[in-house]
Amino acid sequence: MAKEAEWWTSPQESESGRIILVTGRKDVEKFRNNKKYSIRVEISWKYSGQEDGMPDYETSLLMEQVTERLEAVFLKDPVAVMTGIFTGDDERDWVFYTLSTNIFGKKLNEALADLPLLPLEIICENDPDWDAYKEMSEAEINAGE
């Protein structure tokens, strides 16, 4: 059985003043040290949240299913690693680093195939030095102060 991933969570404030829960993965060194994992993929789901910007109960359950399915598909075939989840201010973002956007797209479709059509937006960028991950990790460091 594979070792379970290590995560941290820290509340941060959005530009609009609402709380965003930033959840980051700690155990990513083997991926960061492999220069092939140089493409950052962000999957965003904008939702009509509660007054505080968090998803309602039913939406949060569906989002948890998405998270579990994505983790499972990339654990089975590690062409990508989930490094962060941002929830709040009427949006959920999952962040990955991958070897290939083509294979990532196929695995994403495989993971979510039997779920209803979801309002997902996907952006990709080259980030060979994991700069976005470093920035996100500062949230954990700042939370500990």
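This is a predicted model: local features need pLDDT of at least 70, side-chain atom pairs count only at pLDDT 80 or more; totals for chains, interfaces and linings use all residues.
Q: What makes the span of H2 close to the expected one?
A: H2 covers residues 57-76, and its 20 residues reach 29 Å from first C-alpha to last. At 1.5 Å a residue you'd expect 28 Å, so the count is taken as one less than the number of residues.

Q: Why do we say the buried residues of H2 line one face of the helix?
A: The buried ones are Thr59, Met63, Val66, Thr67, Leu70, Val73 and Phe74. Looking down the axis of H2, they fall within an arc of 140 degrees, so they line one face. On the other side, Tyr57, Glu58, Leu75 and Lys76 are exposed.

Q: What do the buried residues of H2 pack against?
A: They pack against strands S3 (39-46), S4 (80-88) and S5 (91-98), plus helix H3 (101-112).

Q: Which residues touch the most other members of the largest nonpolar core?
A: Out of 22 residues, those are Ile43, Val66, Leu70, Phe74, Trp94, Phe96 and Phe104. H2 gives the largest share, five residues, while S3, H2, S4, S5 and H3 each supply at least two.

Q: Which other core is there, and what does it include?
A: There's a second, separate core of eleven residues, with Trp8, Ile20, Val81 and Trp130 among them.

Definitions and conventions. Residues are numbered from 1 along each chain as its sequence is written. Side-chain values use heavy atoms; hydrogens and water are left out. Helices (H or I, at least four residues) and strands (E, at least two) are DSSP runs, numbered from the N terminus. Buried means under 20% relative accessible area, exposed over 50%, partly exposed in between (1.4 Å probe, protein chains only). The arc is that of the directions from the helix axis to the C-beta atoms. Contact means heavy atoms within 4.5 Å. A nonpolar core is a set of buried Ala, Val, Leu, Ile, Met, Phe, Trp, Tyr and Cys residues joined through side-chain atoms within 4.5 Å.
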